[in-house]
Amino acid sequence: MPENPSNMQIVKLYYVLETAIRYYGSLPSHAQIDGDVVMVEGGAVNPATPFDLRRWKEPPHLALANLQPDVQALRRFTLKYGILFTHPSDTVRLSDAMRFRDYLRQAWGGSDAILAQMLVDLRAGLNVTPEGLETVPDNLWMLTRLMFLHDRLRARVRICANEDCPARFFLAVRKGQKFCSHPCAVLVNVRRFRQRLGGKRKQLQNQQHTGRGKRGYLQAR
Ligand SMILES: [Zn+2]
């Protein structure tokens with residue numbers, strides 16, 4: 001029996017390399033505020049060992065997308081994740097951080113133009129180690145983008161359907177997830193229920209109104 005020709009067509013056209021993202025950066029020891037600028041101290045530029053990404057309960061792309069436009073929030077972010085970009089390496093201005101945040105937010109919202117741009121100027125090194133390959137971003141901003149792209153390719157980046165959510169950008173843990181959390185889902189469902197109830201009440205009131213109108217018409221006759 002001849003072999004199925006379609007089986008013979010299975011040819012590997014390219015090789016897929018698996019690499020782990022490793023971040024060679026360390027956190028500042030101090031951060032102080034001067035107007036709308038956060039100034040940091042400490043934190044080696046190129047430590048010998050990579051940062052343990054598991055130390056962050058929230059990954060940096062999630063924290064940056066939800067960052068509030070407030071210098072205190074930026075200070076907390078900087079102490080936890082480090083400085084966003086290497087030049088200058090010891091200060092970060094709130095307006096710059098917001099610019100980076102908004103760029104990330106547009107990509108998160110699915111802007112094709114921003115996504116294409118993100119892929120084009122993404123810069124990271126590739127290290128070959130006895131354990132395997134490492135993708136090494138230069139700075140926190142590149143790391144943030146790489147981690148975002150990783151989650152986006154897995155269709156995990158979402159925006160909470162609760163418009164009043166204080167942290168609308170989230171990473172889905174299940175398919176079809178529309179809300180960042182249970183409280184947001186409950187809040188929106190209660191609101192929808194009340195709206196429906198309000199609509200029904202109005203409908204009832206209108207019917208009563210029309211009913212009275214009809215009686216009035218009959219009486220007038
Ligand atoms: Zn939410």
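Student: Strands 2 and 3: how many bridges join them, and do they run parallel or antiparallel?
Tutor: Five bridges join strand 2 to strand 3, residues 37-41, and the two run antiparallel. Keep in mind that this is a predicted model.

Student: What stands opposite isoleucine 33 in strand 3?
Tutor: Valine 38 does.

Student: What order do the strands of that sheet have?
Tutor: The order is 2-3-4. It is an open sheet of three strands, with antiparallel pairing.

Student: Which are the edge strands there?
Tutor: Strand 2 (30-34) and strand 4 (91-93). Each pairs on one side only.

Student: And the twist, what does it average?
Tutor: It averages 20° from one strand to the next.

Student: New topic. What is the strand order in the sheet with mixed pairing?
Tutor: That open sheet of three strands has the order 1-6-5. Its edge strands are strand 1 (19-21) and strand 5 (124-129), and each of them pairs on one side only. On average, neighbouring strands here are turned by 30° against each other, direction ignored.

Student: How do strand 1 and strand 6 run, parallel or antiparallel?
Tutor: Parallel, with three bridges joining strand 1 to strand 6 (residues 132-137).

Student: Which residue in strand 6 is the bridge partner of alanine 20?
Tutor: Glutamate 134.

Student: Which strands does helix 6 lie across?
Tutor: Helix 6 (residues 140-153) lies across strand 1, strand 5 and strand 6. It runs at about 120° to strand 6.

Student: What should its 14 residues span?
Tutor: At 1.5 Å a residue, helix 6 should span 20 Å. The end C-alpha atoms are 20 Å apart, so the two values agree.

Student: Which residues in helix 6 are buried?
Tutor: Leu140, Met142, Leu143, Thr144, Arg145, Leu146, Met147 and Phe148.

Student: What comes up just after helix 6, at alanine 155?
Tutor: Alanine 155 takes a positive phi of about 55° there.

Student: Where is alanine 155 found?
Tutor: In the loop between helix 6 and strand 7 (157-159).

Student: Is alanine 155 buried or exposed, and why?
Tutor: Exposed, because 9 other C-beta atoms lie within 10 Å of alanine 155, and a residue counts as exposed at 12 or fewer.

How values were computed:
Residues are numbered from 1 along each chain as its sequence is written. This is a predicted model: local features need pLDDT of at least 70, side-chain atom pairs count only at pLDDT 80 or more; totals for chains, interfaces and linings use all residues. Two strands pair if DSSP finds at least two bridges between them. Helices (H or I, at least four residues) and strands (E, at least two) are DSSP runs, numbered from the N terminus. Axes are lines fitted to C-alpha atoms, for helices over the stretch in contact, and angles run from 0 to 180 degrees between N-to-C directions. Two residues are in contact if their C-beta atoms, placed from the backbone, lie within 7 Å. The expected span of a helix is 1.5 Å times one less than its number of residues. A residue is buried if 20 or more other C-beta atoms lie within 10 Å of its own, exposed if 12 or fewer, and partly exposed in between; C-beta atoms are placed from the backbone.
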